[in-house]
Amino acid sequence: MKKITSEDIIYAALSLFSEKGYDGTSVDEIARKSGMVKASFYKYFQSKEELLLGTIVLIEKLFDADIKELYMKHQLPPREKLRQLALIALGRIYKNKVHLLVYSVPLIGSKEEKIAQAMDRLEHNISNLMVDFLIDAYGQSIRDYAYDIVFVVRSMTINSFRMSDSELSSTEHQTLAEFIVSITDMLAQGMLSPDVQHQIMWGRDSGLYEDSDQIWTKGRQIAHVLQHMDADLKQVELDEAIQNEHMQILSRLQGELSEQNVETAHVKALLFFLEQLPALQEDCKKLKAILEI
């Protein structure tokens with residue numbers, strides 16, 4: 001018989017929450033849906049509120065892996081990266097209407113406050129990631145307007161899920177993601193038009209978009225260092241065969257770092273080879289610090 005895990009309970013709870021709402025779902029029902037008795041539930045979570053906090057923590061972990069993988073896809077055009085980011089957010093967060101569940105919890109105790117803080121942290125990071133991808137797509141000139149675009153897109157997305165009677169299908173997710181990117185295109189092009197002046201509502205210093213040191217920022221840091229190494233390799237004067245060998249090793253390193261479960265020994269070996277080249281030593285040192293190896 002398969003051992004029940006905390007993740008099994010979380011997924012069972014999300015299924016019930018989407019059907020009956022957070023307030024309408026009891027611990028007893030969650031336990032039964034998970035295949036256990038109520039008393040066993042409390043071996044994993046002390047309360048329904050703690051379960052909801054655990055749900056957000058799990059989503060953060062899954063989102064981290066998704067974003068890290070997305071940053072490693074250097075070949076994707078900037079617009080496609082925006083669409084992929086929308087799909088990830090739709091699938092991981094809005095699919096189960098977790099954001100709406102959080103808003104239904106009264107903020108009266110420390111656990112409830114932690115739930116709200118965790119959700120705020122997750123949404124802030126989505127916003128900051130979108131700003132990053134907007135700059136990649138439209139250049140630095142979009143930075144001042146990026147936070148307003150994110151505000152519109154996020155509001156539109158939340159309301160689309162609030163208004164839907166049931167969970168969106170995969171096809172509907174794809175359609176909504178493409179719609180989000182289309183609206184983003186229109187907003188960006190309009191705001192960058194020299195013929196129109198726009199009032200900025202949410203600036204880069206807004207408290208809504210505080211910088212975060214969440215774990216998925218490592219994906220962004222890794223991607224930037226790898227891009228810098230690639231550029232350096234193309235500029236350094238080397239014998240063609242040696243340069244090709246280094247490019248192959250760098251490509252293998254990129255592939256290794258894009259895996260869900262990184263093999264530390266393989267990464268160390270690849271970095272050891274690359275750091276023998278003086279031009280790459282500083283970047284190899286940065287990667288080791290980011291990866292904590």
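**Salt bridges**

Guide: A search of the whole structure, which is a predicted model, finds seven salt bridges.

One of them joins Arg 121 to Glu 60, with 2.9 Å between the closest N and O atoms. This pair links distant parts of the chain, since Arg 121 belongs to helix 7 and Glu 60 to helix 4 (residues 48-71), 61 residues apart. Arg 121 is partly exposed at 29% relative accessibility, whereas Glu 60 has a relative accessible area of 8% and is buried.

Another salt bridge is formed by the side chains of Arg 79 and Asp 185, at 2.9 Å from N to O. Arg 79 is in helix 5 (residues 78-92) and Asp 185 in helix 9, so this bridge ties together parts that are 106 residues apart in sequence. With a relative accessible area of 35%, Arg 79 is partly exposed; Asp 185, at 16% relative accessibility, counts as buried because the limit for that class is under 20%. Arg 79 and Asp 185 also belong to a network of salt bridges that includes Glu 178.

Helix 5 holds a further pair: Glu 80 and Arg 83 are three residues apart there, which means that about one helical turn separates them. The closest N and O atoms of the Glu 80 and Arg 83 salt bridge are 3.0 Å apart. Glu 80 is partly exposed, with a relative accessible area of 21%, while Arg 83 is buried, with 15%.

Conventions. Residues are numbered from 1 along each chain as its sequence is written. This is a predicted model: local features need pLDDT of at least 70, side-chain atom pairs count only at pLDDT 80 or more; totals for chains, interfaces and linings use all residues. Side-chain values use heavy atoms; hydrogens and water are left out. A salt bridge is a side-chain nitrogen of Lys or Arg within 4 Å of a carboxyl oxygen of Asp or Glu. Helices (H or I, at least four residues) and strands (E, at least two) are DSSP runs, numbered from the N terminus. Buried means under 20% relative accessible area, exposed over 50%, partly exposed in between (1.4 Å probe, protein chains only).
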